[in-house]
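Hi,

Here is the structure I promised to pass on to you.

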Amino acid sequence: MSDRATTTSSWPANKPVDNREDWKRFEASDKAAGFEISDDFERFDQRDDMFNRAFWDDEVISDHVTAFFQAYIHPSPRKADGFTQWDYALLNASWSVSNEFSARGGKKGVREGFLDSFKKFTPLAPTQVETDDLEAVSKRLKKAAEFLGADAFGITEYDERWAYASIADVRTNEREEKFNPVTEGMTSVIVVGHGMDFGLVQSYPSALGASATGREYSREAAVATSIASFIQGLGYNAIASSNDSAVTIPYAIKAGLGEYGRNQMIITPDHGPRIRFSKIFTDMPLAHNKPVKYGVTETCNQCQKCADACPPKALPFGPPKEGGENRSTIKGVKKWSANCEKCFSYWTRMRADCAICMRVCPYNKDYSKWYMRLFRDLLNSPLRGLMLWLDDKMEFEKRKPPREWWGDTPAP
Ligand code: B12
Ligand code: SF4
Ligand code: SF4
């Protein structure tokens, strides 16, 4: 356990937070996924992520931070395109279902979807369905998940390393450490993808563009809890989760949903980086997917559009390396890591979240069009260099004026 994790731990002292011997069983699947994890690895404490540090860390707290969070509750629209009352109204509407979920545990100090996992809707069925044929069971589960709203679906083994060593307690601004219950008895993690609106992402940075993020948090809450309810109805435990409980990206990679990019995102074949993820932890016996490799790492080795475009220069140039510039980076994992202090500080000054690094990525295309699918396939081929040149020439990454998203409706 890290020294910073020793503050007000209130869970039993015998809780295993460091099972290094047991983690050796992940060596083969780590290799297949391209994970390089050293002996310096430590599980991450949620209170060290930027959102939580914004409440307790004097190095992060500022008037800009206060104004940023306020903008999502009581916005101050301005005349600038993308920040009008219409834009903020859509932004806050897009978040409303998610806000409802996260507020309902308020009195108990629970913030579902962000710090704590979602409350269960459906009691555990007294009988369990047969699970002898794992492939068939997983196929049915995928079918149900797609019906319930999943845009992408994958399953991987539950891996304790990515579960937060502790979760942040919302009851005080200190965000003290709270026992993370998700680790108990879980064997699989189902990772569900939620595609973001292409046109809105093109208008980032803007309050209007941020609606693309808000809508998916609302959908994550609805879809992940529905899938968990389905599994509970089959007689197995299921815990629905959005940003809470665990670092999502390593699970998404192992579940075969896509490859990790320099922009710190999973880049999927069907949505590029323009996708968000929720997860469901379960003890239901399921078949596990394998990681996919389709050329993203090679493209990122040759491209640095996201790092160039990032206004506060928070993204890394050069090859992956271990560790980061501050406490918001997990220890002991070799990967591309951002300086998230710089990133979050930019958001707070702008009073809205950012996703420029998603917008400018050559994989951020509208894949409902056949010629964009062809573009992607050529980008993943030996013609990569040419395609990156073409991507620049065509200026695909250019920001679209937010007012254009509203289409033919006259500007009021
Ligand atoms: C906190 C957080 C942030 C913080 C910063 C992270 C931090 N270090 O504090 C801020 C506010 C800056 C942020 C920004 C953004 N975020 Co964010 N964020 C999260 C959140 C809630 C927690 C991540 C965390 O615990 N990080 C702390 C440590 C682990 O960070 P780290 O060491 O730098 O590791 C990062 C990556 O390297 C990777 N990672 C971690 N471990 C490992 C291990 C291996 C082997 C590999 C390969 C990668 C990997 O995941 C981490 C993501 O922060 C996750 C949801 C979740 N529960 O995972 C979403 C999440 C990662 N964010 C997401 C997105 C999309 C964004 C933004 C584009 C904002 C937006 N408008 O949507 C930007 C992108 C900024 C950037 N390029 O990094 C998505 C990514 C989706 C995708 N396609 O992969 C997630 C998964 C949320 C979701 N619901 O889908 N985010
Ligand atoms: S912009 Fe380029 S370097 Fe960045 S994630 Fe996309 S392909 Fe990789
Ligand atoms: S979200 Fe914006 S500020 Fe943060 S890394 Fe991406 S481009 Fe940079």
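**Around ligand 3**

Ligand 3 is surrounded by Cys310, Pro312, Leu315, Cys343, Tyr346, Trp347, Cys354, Ile356 and Cys357, where a residue counts as near a molecule if one of its heavy atoms lies within 4 Å of it. Helix 13 (340-350) and helix 14 (356-359) each supply at least two residues of that shell. Which helix gives the most to the shell around ligand 3? That is helix 13, with three residues. Helices here are DSSP runs of H or I with at least four residues, strands are runs of E with at least two, and both are numbered from the N terminus.

**Before you go further**

Keep in mind that this is a predicted model, in which local features need pLDDT of at least 70 and side-chain atom pairs count only at pLDDT 80 or more, while totals for chains, interfaces and linings use all residues. Residues are numbered from 1 along each chain as its sequence is written, chains are lettered from A and ligands numbered from 1 in the order in which they are written, and side-chain values use heavy atoms, with hydrogens and water left out.

**The whole chain**

The protein chain has 17 helices and eleven strands. Its radius of gyration is 21 Å, close to the 22 Å that the globule rule gives for 412 residues, so the chain is as compact as a globular protein of that length. (The radius is taken over C-alpha atoms, and the rule is 2.2 Å times the number of residues to the power 0.38.) The C-alpha trace spans about 55 × 50 × 40 Å along its principal axes.

Of the 412 residues, 53% count as buried, meaning under 20% relative accessible area; exposed is over 50% and partly exposed is in between, with a 1.4 Å probe and protein chains only. For contacts (heavy atoms within 4.5 Å), residues 24 or more positions apart account for 75% of those with a separation of 6 or more.

**Some backbone details**

Pro205 sits in the loop between helix 8 (198-202) and helix 9 (211-233).

Arg175 has a phi of about 50 degrees and belongs to the loop between strand 3 (167-168) and strand 4 (177-178). Is Arg175 buried or exposed? It is buried, at 7% relative accessible area. For Gln264, phi is near 75 degrees; this residue is in the loop between strand 7 (259-260) and strand 8 (266-267), and at 18% relative accessibility it also counts as buried.

Gln202 is part of helix 8 and is buried, with a relative accessible area of 12%. Leaving out residues up to four places away in sequence, Gln202 touches Arg359, Lys398, Arg399 and Lys400.

Tyr260 is in strand 7 and is buried too, at 16%. Tyr260 and Thr297 are 37 residues apart in sequence, and their C-alpha atoms are 7.2 Å apart in space.

Enjoy exploring!
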